[in-house]
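Let's go through this model together and ask, at each step, what the labels rest on. Each reply sets a value against its cut-off.

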Amino acid sequence: MTRTEPETRERVSVPPNAFYVPSPVILLSTVDEDGGVDVSAMSAVGVVCLEPAVIAVGIKPRRRTYRNIRRSGTFVVNLPLEDELHAVDYTGTRKYRHEPDKVAAAGLETALLPETGLPYVTSCPVAMACELVGNLGRTELGLDGPPSHQVVLGRITECTVERQWLADDELRLEDMPVLLYLNRVYAARGRNLGTQRFTDDPEVMAEKLRYYRSLTLDRKGPEWISRPSTDSSTDS
Ligand SMILES: Cc1cc2nc3c(=O)[nH]c(=O)nc-3n(C[C@H](O)[C@H](O)[C@H](O)COP(=O)(O)O)c2cc1C
C-alpha cells in the first residue's frame, strides 16, 4: 500500500494500543521448581541497554512463564525463524498448566546452555540466557491498578549462536529470517534498506559499526561512546 499525498492525509484520534509498535517474536524458555521446561512465544519485547546488555519483556503475571522467572530469577530469550511459525504460535496459545508437554507437542526440543545450564530451544539460531535484574509493576509504574503485564528486565549473561550465522567478527543478522509481529499479525522481516549512518566521516562510521557489531570488542566502548555528543546522529 502506498502513502497518500500529504494534503490528503487527514488525522483522527484512536484509543492507545502499544501493539501498534512492531516488535520481534521470541520464544522464552523457563524452568519450574521440578525442572520442567516451559517455552512460550512473547512479542512485548525490546532492547533497553547495550552495556550491560538488558532486554525487557512484558509478561502477564498469570503466565507460568512469569511464575518461573520470579522463582528462578532466570530465563532464556530464543530467536525463532520464519519456518518455526507454527511452533511459535502453538507455544503462544497453549498454557503449560493445561498442557505440560506443550514444548514437545509444538515440535520443539530444548537443551542446556553450557555455562548457565539454562534450557534453550535448539532450533533457534540465537539463545540469550538472562538474569532477572528488574520487575516493573503497579508500584514502579505509578499506576492506580494492576497493569496487564509486568515488565521483566533481564541482563544477558550468556549468548550462543549457530555457527552458520557467524561472519568474521559479527553475527549475520541481516540475513536472518526472524519473525516480526504487528498487532496479532506475523510478518517476515523484508529486505534490508541500508545501514545506520552515524556520521558522514567514513572512518568514524567504520569504527562505530565495528563497535556495535563486533563479537570481540570491549562493550564498554571507545572514548566517544561516553563523551557528550556534538553530532545529532551519533550514539544510539
Ligand atoms: C506471537 C505471540 C506473542 C505473545 N506475546 C506475549 C507477551 O509479550 N506477553 C505475554 O504475557 N504473553 C504473550 N503471548 C501469550 C503467551 O505466549 C501464552 O499465553 C502462553 O500460552 C503462555 O504459556 P504459559 O502459561 O505456559 O507461560 C504471546 C502469544 C503469541 C502467540
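Q: What share of the residues of the protein chain counts as buried?
A: In this predicted model, 24% of the 236 residues count as buried. The label requires 20 or more other C-beta atoms within 10 Å of a residue's own.

Q: Why is Y120 called buried?
A: Y120 has 25 C-beta neighbours inside 10 Å, and the cut-off for buried is 20 or more. Y120 therefore counts as buried. This residue lies in strand β8, residues 119-121.

Q: Which residues does Y120 touch, leaving out those up to four places away in sequence?
A: Y120 touches S29, V76, N78, T110, A111, L113 and A127.

Q: Why is G35 called exposed?
A: G35 has 7 C-beta neighbours inside 10 Å, and a residue is exposed if it has 12 or fewer. G35 therefore counts as exposed. Its place is in the loop between β2 (26-31) and β3. The C-alpha atoms of G35 and D101, 66 residues apart along the chain, are separated by 13 Å.

Q: What makes R213 partly exposed?
A: The count for R213 is 15 C-beta neighbours inside 10 Å. Buried needs 20 or more and exposed 12 or fewer, with partly exposed in between, so R213 counts as partly exposed. You will find R213 in helix α5, residues 202-213. R213 and D169 are 44 residues apart in sequence and 7.8 Å apart in space, C-alpha to C-alpha.

Q: Which residues touch the most other members of the largest nonpolar core?
A: L27 and V76 do, in a core of 34 residues. Strand β9 (residues 126-136) gives the most to this core, with five residues. Membership takes a buried residue of a listed nonpolar type, joined to others through C-beta atoms within 7 Å.

Q: What does L27 touch, not counting residues up to four places away in sequence?
A: L27 touches V39, A41, N78, P80, V88, T91, V121 and C124.

Q: How do you know that β4 and β5 pair?
A: Pairing asks for at least two bridges between two strands. Strand β4 (residues 45-49) and β5 have four bridges, in the antiparallel sense. The two strands therefore meet the requirement of at least two bridges.

Q: How many bridges join β5 to strand β10?
A: Six bridges join β5 to β10 (residues 150-161), and the two run antiparallel. Within this pair, I55 stands opposite G154.

Q: Why are β1 and β12 said to stand at the edges of their sheet?
A: The open sheet of three strands has the order β1-β11-β12, with antiparallel pairing. β1 (23-24) and β12 (185-188) each have a single partner strand, so one side of each is left without a neighbour in the sheet. Strand β11 (residues 179-182) pairs with β12 over four bridges, and A187 is the bridge partner of L180.

Q: Which residues are closest to the ligand?
A: The closest are A44, R64, T65, G92 and Y96, out of 21 residues that surround the ligand. The elements giving two or more residues to this shell are β3 (37-42), β5 (54-59) and α1 (64-72). β3 provides the largest share, four residues.

Q: What classes of residue make up the shell around the ligand?
A: The shell has seven nonpolar, seven polar and seven charged residues.

Q: Where do domain 1 and domain 2 lie along the protein chain?
A: Domain 1 covers 19-188 and domain 2 covers 195-236. Their C-alpha centres lie 28 Å apart.

Q: How many residues does each domain give to the contact?
A: Domain 1 gives four residues and domain 2 gives seven. On the side of domain 1 that touches domain 2, there are one nonpolar, no polar and three charged residues.

Technical notes
Residues are numbered from 1 along each chain as its sequence is written. This is a predicted model: local features need pLDDT of at least 70, side-chain atom pairs count only at pLDDT 80 or more; totals for chains, interfaces and linings use all residues. Domain bounds come from an automatic or database domain assignment. Two residues are in contact if their C-beta atoms, placed from the backbone, lie within 7 Å. Ala, Val, Leu, Ile, Met, Phe, Trp, Tyr, Cys and Pro count as nonpolar, Asp, Glu, Lys and Arg as charged, and the others, Gly among them, as polar. A residue is near a molecule or strand if its C-beta atom, placed from the backbone, lies within 6 Å of it.
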